[in-house]
Amino acid sequence: MHDRALLILISLSDGEKHGYAMMEDIAAFAGAKLGPGTLYGAITRLEQRGWIRPVGPAGERRQPYAITGAGRAWLESEIEKLQKIGKVAARRLRPA
Amino acid sequence: MSLLKWAIRCYPRAWRDRYGPELETLVEDRGISSRDVANILAGALRMHLATASWGILSAFALAGILAAAVYAWHAPRYYLSEAAVRFAPAPGAVLSYGEQLAEVSRVQQEVNSRPVLMSVLEKQSLDLYPRLRQEAPMEDVLEQMRRDVEFHAERSGSGVALHIRYRGEDPARAQAAVYELTARAIDAHHSRQRLAAQLSDGILINPRDRTLLNFSRLTSATVLDPPLRPAHAAGPNAMMILGLGLLAGLASAGLLWSVRALPVAALTAGSLLLLYALLAYMLPLRYERTVILRADSPATLKLAPPLAESLVQVPEVTASVETGNEPETITIHLRARDWRSADRAVSLIAGRAMDAAEYVRRKRGAGAITPYIGPESHGEDELPYLPFFAPALWTGLALTGCGACFLLLRRARGSYTFSAIDWACKNSPR
């Protein structure tokens, strides 16, 4: 769930997207193919947590979603952690 | 309905109403593969688990356990006491295992006969079946005792051990009853030994009976294990009943959870059970046992047919009586739906045959009828036997009735629907 949430939030961080657009975007920037059931399971939970919200009219078949302030804050904290981890990993991998 | 729509219908209704069209459009846009269908089904399962009301599940499980606990508390406890008598060749005697088994079988039949069991029942110090004796005729009490007494013979060293087991509602009575039955078994053996000793004085007897009696003369009986007073009830198994209650509770919750249309499910389950009951009723009888009554002469046997026919009045068992090629024999073929019934019938008939023998002896002053029990065999048909006819019939009728009532109610109210999933999804925390 953690990884999928991260991927979806990263995908939405540059603008609203509907499900299919998210799948395509995630496949493009992360090389990860999310199944439709997996994607909508993650969307359900992110919406329940208040990290994303639907932006189109109710009942829209291609409903676009947008990241909320809470979602953006969580994403920034996660990215910060990942950057720290990445720096440590890069330093340790550097030949002595 | 397309595969996609069917897969999406597996989601909880509330979720489907909110996200179903989006998911459907997404899959239509990118094209569906079998992998996607599997992914959607897995997602539906995860969503069911995520929206499941664990409180409801726990309540059902608790209700099942409580119902089972009440049943276990009220179900009558029973105690088992057992003794073993060892029959072995007397010093210097040579007897095959089969010959020893024949002697043990005769002793068992004598102990299980009506006069012996009646005398045990009437022994005031034992006070067996006090309630049943007040409510039912002695014949019923006797039949109950025959059901509660078990005999089991097995090889024990160079001899045969006859295990006598009694199942009673009181530990002291169970022990006393087994003690009495064990004494009667030893008595029966000694009586046969005395009779065998008298044979040498020139008494005329059927050669087969002479041979059988000779086995008793060459066998000695000793009590291998005396009956003990059972410290704990042998049943009902409270843990098993509680476990079944828990499973039944969880199954009920699962049924309520997974089934959207309860009336349709009840009708389907009821119809399947009725079909099962119909099959169980229509399938032919399966188990066969044979009891052969041998008389010492054709004249004695003339008294036997009406007795033999009275012997086969056993519930759940059909029987046919035929006179064999040998003029002194009557063969009773028993056919039953299950081996327990067939075995019980054999036990009853063996006991009643001893009664018949006693009757003939008293009526004619001499003569004897001896029962021989054939081995268990399957019926002519190889079709499988289906048990639980009656429970399946009644449960099927009840479920079908409930389903029909629900449907009628729904039709009467027009908009009436019942869906546990809708209710749970609406009430589950977001």
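How many salt bridges does the count come to over all chains? In this predicted model, the count comes to 17 salt bridges over all chains, and several of them are shown in the close-up views below.

**View 1. The salt-bridge network of A:Asp14, A:Lys17 and A:Asp25.** The side chains of A:Lys17 and A:Asp25 form a salt bridge, with a computed N to O distance of 3.9 Å. The relative accessible area of A:Lys17 is 14%, which is under 20%, so this residue counts as buried. Through salt bridges that share partners, A:Asp14, A:Lys17 and A:Asp25 are joined into one network.

**View 2. The salt bridge between B:Glu180 and B:Lys123.** In this pair the side chains meet at 2.8 Å, taken from N to O. The two partners belong to distant parts of the chain, 57 residues apart, since B:Glu180 lies in helix α9 (residues 171–199) of chain B, while B:Lys123 lies in the loop between α6 (114–122) and α7 (130–135) of chain B. B:Glu180 is buried, at a relative accessible area of 9%, whereas B:Lys123, at 32% relative accessibility, counts as partly exposed.

**View 3. The salt bridge between B:Arg131 and B:Glu169.** Here the side chains of B:Arg131 and B:Glu169 meet with an N to O distance of 3.0 Å.

**View 4. The cavity lined by residues of chains A and B.** The structure holds one cavity of 30 Å³ or more, and the space in this largest cavity is about 50 Å³. From chain A, the lining is made up of A:His18, A:Gly19, A:Tyr20, A:Tyr40, A:Arg61, A:Arg62 and A:Gln63, and from chain B of B:Glu22, B:Thr25, B:Leu26 and B:Asp29. Two elements give two or more residues to this lining, namely α2 (19–30) of chain A and α2 (13–30) of chain B. The largest share of the lining, four residues, comes from α2(B). By residue class, the lining divides into three nonpolar, four polar and four charged residues.

View 5. B:Gly403 is placed in helix α16 (residues 389–413) of chain B. With a relative accessible area of 0%, B:Gly403 is buried. In sequence B:Gly403 and B:Gly270 are 133 residues apart, yet in space the C-alpha to C-alpha distance between B:Gly403 and B:Gly270 is 8.2 Å.

**View 6. Residues 414–430 of chain B and the confidence of the prediction.** For chain B the mean pLDDT is 76, and 68% of the residues of this chain reach 70 or more. Over residues 414–430 of chain B, however, the pLDDT is below 50, although this stretch has 23 contacts in the model beyond near neighbours in sequence. For the model, the scores are ipTM 0.86 and pTM 0.46.

Notes
Residues are numbered from 1 along each chain as its sequence is written. Chains are lettered from A and ligands numbered from 1 in the order in which they are written. This is a predicted model: local features need pLDDT of at least 70, side-chain atom pairs count only at pLDDT 80 or more; totals for chains, interfaces and linings use all residues. Side-chain values use heavy atoms; hydrogens and water are left out. On a 1 Å grid over the protein atoms alone, a cavity is a set of points where a 1.4 Å probe fits but cannot get out, and a pocket is an open set with protein on both sides within 12 Å along at least five of seven lines; lining residues have an atom within 4 Å of a point. Grid points are joined across faces, edges and corners, and a volume is the space filled by probe spheres set on the points. Ala, Val, Leu, Ile, Met, Phe, Trp, Tyr, Cys and Pro count as nonpolar, Asp, Glu, Lys and Arg as charged, and the others, Gly among them, as polar. A salt bridge is a side-chain nitrogen of Lys or Arg within 4 Å of a carboxyl oxygen of Asp or Glu. Buried means under 20% relative accessible area, exposed over 50%, partly exposed in between (1.4 Å probe, protein chains only). pLDDT is the predictor's confidence in each residue, from 0 to 100. Contact means heavy atoms within 4.5 Å.
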